[in-house]
Structure formats: C-alpha cells, structure tokens
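Let's take a walk through this model together. Have a look at the sequence and the 3D view first, and then we'll go through it piece by piece.

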There are 2 protein chains.
Amino acid sequence: MKKKYNKKVLSESYIIEKYLKKLNLKKKETYNFDNDGAYLNISQNKKIVVSNDTIVEKVDFFSNDRADSIAQKIICSNLSDISSMGAVPYCFNLSLGLPKKINKKWLYIFSTKILKLQKKYNFFLLGGDIAQTRNITISATFFGKVTNGKIIDRNSSKIKDDIWITGNLGNSFVGLMFKKNLLKANKIIKKNFIKKYQFPFPCMIGSQLGSIANSAIDVSDGFYGDLDKLLFRKNFGASIDMKSIPILSKVKKLIFLQKIKINKLLSAGDDYEILFTSSPQKRNIINSLSKKKKIKITKVGTIVNKRGIYTDGKKLNLSKKSFQYNF
Amino acid sequence: MKKKYNKKVLSESYIIEKYLKKLNLKKKETYNFDNDGAYLNISQNKKIVVSNDTIVEKVDFFSNDRADSIAQKIICSNLSDISSMGAVPYCFNLSLGLPKKINKKWLYIFSTKILKLQKKYNFFLLGGDIAQTRNITISATFFGKVTNGKIIDRNSSKIKDDIWITGNLGNSFVGLMFKKNLLKANKIIKKNFIKKYQFPFPCMIGSQLGSIANSAIDVSDGFYGDLDKLLFRKNFGASIDMKSIPILSKVKKLIFLQKIKINKLLSAGDDYEILFTSSPQKRNIINSLSKKKKIKITKVGTIVNKRGIYTDGKKLNLSKKSFQYNF
C-alpha cells in the first residue's frame, strides 16, 4: 500500500486512509502503509520483506496482450518493489483469477515465462490459489530477504540528499503510445518500444543500496508521483535538474518534435526503475556501483526543505502526477 | 494450492499439476503444493505459515451478499487454513479488486467487520493492493506462527490413525439451500442457517494439535473431498462410521425427511472445520482438549491401508466429492 491521500474522490488513497489504515493496528511491520511493501518480523536480523501487486485485464493490460507479457508484468512489478526495499527475491504466492476463455496454450506460455524469470532472478513459487473471474485478474505476493537486516523505506530521506534514478524514464510510456497508435514511427522503432512496454524489466540494484541509500521507492506509477510519495511524509521537496533526467535520445527527439510532452512522460507509469536518495558523500560509491553492475544511475536533483517538486527552479503544478484508480 | 489431479478437464488440479508445479522448484517450503498452505523457512525453529485464498462475486458469494458477510468469508477461509497447519494467525495481506459500484458504506461495513475479527483472533493487516475489477475479487494471503516449530501437514497420516472432525458438518450447505429457496422451513430456522452460511467461523483448534495430530486439513470444499485429499498422496483409505458424523439434529431431520441427501451434504463446501488424524493413544488427550476448549471434536473413522473412502464398510463412489473450478 502506498498511495497519497486525496479526500475529494473515492480514490485508492482515500480507501486506504479512511478504511484500511485502522486495520494495521499501528504495527511497525506495516510502515503504516506508507511504503512499497511491509515486512515480517521474525527476529532482529532476519526480516522478510513482503510486497503485493495485482494486475487486471482491460485496466493494467489489454485483452489481446500475450500471456508472456502478462506474466512478465506481474513478476516485474513485484520484483521492483522488493528491490526498492533493499531486498533480494526469495519466493512468491500467486493468486490466479482466470476466465473460461483461458486455454492450455495460454497457461503454457504464461507459466513458461514465469519459470524463465525465476531462473533469471532466483526465486520460486511458494503457493497460491486459482479462482474463476470474468477478466484475467492476477495478484502476486512476493517475499524478499534482506541480507544485512536493513530495509530501505521511502520516508527516511534527508535534506540535501542527492536524488538518483536508475535506467531511462518513459520508454514504457512511449511503447504504450505506439501500442495505442497515438504515435507514428518506422516499424522497428515502434516494435522496440512496444516491447519495452509489454516486457518491462525490474532494476534489481536495491539489495546493493542498503548502506548507500537513505530512502528509495520504485518508479512504477510515474516519476513525479512516486517522487512526491517519497517526499510526502517528511514534508520535503525536490529540486530537479531537468536536463539530467535520463531519457533515451530517440524519446528526447519525440519530445523535441512535440509528439509527446515531457511532463506527461514523467507522470506515466511502468518505468520500474529505482528512485533513491543518499548523502552527497556517497557519489563516488554510487558511480562505482553503477560501473560495476553496468546499471545506469543518474543524479537528477536534491532534496530541499520546502514542499513541492521544483523543475529547474519552477514549482511543478500537475493535477495528475501519477496513476491511481478512482472508484 | 491443494487440489487433486484430474487430467480430463482443464480443472484447478490440472492447471496446478501441469503448469504450476514446475515453478515450485521442488522446494520443501512448498509441500509440492500438496498442503493447505506453505511456509517461509526463516530458521529451524521459526517458521511462518502462509496460506492464500481468493473469493469472487457471483462464484463464491452472491452479488447481493452483505459486505460484512464477504469480509467474514475471506478472513474465515484463510484462518481455517492457518489453523489446519497448526499455526496461530499473525497478519495478512489483502488484495482488493473492487468494481465502480463500491461505495463508502460498503467499505465501512467491510473494514469494520475485518477489524472485529482481528480483535477476536489477534492479527493485523500487513499491507496489500487495490485494483479495479468488474466483479468483487478479494484475495488474502495469511501468515501464521508455529510456536513449537511443528507444522501439521496433510500427508503424514498413519495406518490405524483415528479420524477426527471438529464441530458439525453441513450447516453452511443447508444455509445455502435456504438462501437459494431450495428448502423450506419457518423463518427463524431459515434465518439461522443462512447466517451460518453467510458468517462462517473458523475452528482455531489447530495450534493445540501440534503434538497430537499426525495430519490435518480444513474441511472447506466438502468432507469427502477434503478427506480424500488427506489420503491421496499416502495411497491410504478411510473407514467412516456414518452414524458418528457430527450433524445437528435439525439437519438430521432434513436428511431423514429426504429434503437433502447426506452424501451431497458431505460433498459441499464452507464447513471450515478441522479434519485431523492421530494415534488411538491420543484419544484421552483429545477428549480433554475438547472439554477444555469447549470445541466439539468427534471421532468419525479410521485410516485403512486400502485406497478409498468406506462408509459403513461400503466403498464410496462419488463423481463429485468436493467443489472445484473447471475452465
């Protein structure tokens, strides 16, 4: 659970704040629902991180999406949460809501892709449940191990912390635009971006950040929105240097040609990169880690003692900073 | 995961056997998907039991069912699994799939009932996820603690074990018959049985059975079917003394009047009682426990070295021993 509170509509954040928070009994394991996940308190040094994500046909993916794409999305979105908490994957529980249209081919492709990802990221299926639903509804609960006992949460950033982001932002959004035929390009470019949308990869750097990052969150619902969630409880702000935002040159070209707007791209979901903050003294360590792990990590700004997101000095005023369901 | 394998149809058991089992990598924590739940292997003496259950509108409950009934069903079905594994509840993750029709009143009633059950059974909400779905789809992952390190599984029964069952069987099924207007009775009787169907209670005796039971399963999909699951892997059978089956006198009357069939009642779901087997030497301990905890526990049969369920000596031949989805 991890949404910001907006009392005007019956939004996810409102439901969590008003109806679900009372159920956490203020237990420390829950982070008061302010984090990417929670943990099971087994012993002082052995904590199991727990994350949960659900994807629904026609909402989070298209009905004609391939079974291997759906498999990758449910796994990736959860692994991304596990990583953002500084953990390595251990195992997961799968709740499969399947409609009657599901056939053996679908199940074969779906499960084979999961097995492939299990081998890549080293985890296994612990158990689960099958139910009959009208639309495909897949919920996964992931478990991660924190080796050094330190879970990274999203609410421990400090003033003057550097703000870092892994990978490149917006590729998935551009893929979605192509998929919806809202953008045009040659076949190969189009195909490549749609692939980035359909087969996202999590950035599993999190377990390396335990002694480096003060706070972290995975960017899954939009850069601005997820950054704002990281700032929210501390009542901090962020000064962002826009030209440093990591964006592929092909995407930059689309922005330059005004085919897509940068602020829309930075409010769109499915990036699955890790946003973290750390002391400026850690810069060398982070740059070394980036080289060693061959993962792009870019400093994009600084935590400031003034509420809001400031892009090149100007306060950002966006109504929709990230994706959220409203009921 | 816990279904028997039937290769003729695309059933839950077929999906588990053919597509999902390969994903457990034969890890011992998973019980090869042959148990009510699994466990997280933290250390030798500290195991966390994990169960998972999903309920779907129009399949597991009616669209006009009250929010507090739905809340009680998702909690009860999971607590029942936790109990059957010999654990006490610790916390749970909730994945809420909600349609647009959901309003504040529904959410208030739903969450208030959960809070009430949390207080009764001592657990809290760890985290979760909200998604938009067409029909209400609620998935919960429950965590239980095993205090003495011994998890009870369903596949360790022994020849000549006594077979015991808690509570009374069939009340929920009779309630469902009334709800569907397939049975008639006076208003009060009808109301009482429908209540048993809508507000089932788990039997939380499991954590007391660690040193008593050789095997256990919760009866949630039907007595015969769940008993068969307990026998299946060992290739054992059960000799059942039909007159000892605990059934309320009001229900016995309905059977006597041929309003309902005993074999249908014993193949119907939602009993949420605990079926366990133990050495005949434990009879006194079990009877004392029953008195002390004020929980009815009845010996209904014996484990035999011959595959099948034998009711009063005759081999049972039922096509549908329990509830299962087919796709």
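In what order do the 7 strands of the open sheet in chain A run? The order is 7-9-6-10-8-11-12, and the pairing is mixed. Before going on, a word on what you're looking at: this is a predicted model, where local features need pLDDT of at least 70, side-chain atom pairs count only at pLDDT 80 or more, and totals for chains, interfaces and linings use all residues. Residues are numbered from 1 along each chain as its sequence is written, while chains are lettered from A and ligands numbered from 1 in the order in which they are written.

Strands (E, at least two residues) and helices (H or I, at least four residues) are DSSP runs, numbered from the N terminus, and two strands pair if DSSP finds at least two bridges between them.

Back to that sheet in chain A. Its edges are strand 7 (215-219) and strand 12 (314-315), each of which pairs on one side only. Further in, strand 6 (residues 162-166) and strand 10 (residues 297-304) of chain A pair in the antiparallel sense over 5 bridges. To find that pairing in the view, look for Ile165(A), which stands opposite Thr298(A) in strand 10 of chain A. Helix 6 (residues 223-232) of chain A packs on this sheet and touches strand 7, strand 8 (237-240), strand 9 (273-278) and strand 11 (308-311) of chain A. Contact here asks for C-beta atoms, placed from the backbone, within 7 Å of each other. The direction of helix 6 makes about 155° with that of strand 7 of chain A; such angles run from 0 to 180 degrees between N-to-C directions, with axes fitted as lines to C-alpha atoms, for helices over the stretch in contact.

Now slide over to strand 4 (residues 124-132) of chain A. It is largely enclosed by the rest of the structure, because 7 of its 9 residues are buried. Buried means that 20 or more other C-beta atoms lie within 10 Å of a residue's own, exposed means 12 or fewer, and partly exposed is in between, with C-beta atoms placed from the backbone. Strand 4 of chain A pairs with strand 3 (residues 88-98) of chain A in the parallel sense over 8 bridges, and one pair of bridge partners is Asn93(A) and Gly127(A).

Over in chain B, you'll find an open sheet of 5 strands in the order 1-2-5-3-4, with mixed pairing. Strand 1 and strand 4 of chain B are its edge strands, each pairing on one side only. Neighbouring strands are turned by 20° against each other on average, direction ignored. Strand 3 and strand 4 of chain B pair in the parallel sense over 8 bridges, and Cys91(B) stands opposite Phe124(B) in strand 4 of chain B. Helix 2 (residues 67-84) of chain B packs on the sheet, touching strand 2, strand 3 and strand 5 of chain B.

How do the two chains fit together? Chain B can be laid on chain A with an RMSD of 0.0 Å by a turn of 180° and a shift of 0.0 Å along the axis, and the copies are thus related as by a two-fold rotation axis. The superposition is by least squares on the C-alpha atoms of residues with pLDDT of at least 70 in both copies. The contact takes 59 residues from chain B and 59 residues from chain A. On the side of chain B that touches chain A, the largest share, 9 residues, comes from strand 4 of chain B. The copies meet through the same surface, because 100% of the interface residues of chain B are also interface residues in chain A.

Finally, zoom in on Val56(B), which sits in strand 2 of chain B. Val56(B) counts as buried, with 21 C-beta neighbours inside 10 Å. Leaving out residues up to four places away in sequence, Val56(B) touches Gly97(A), Ala131(A), Gln132(A), Thr133(A), Asn135(B) and Thr137(B).
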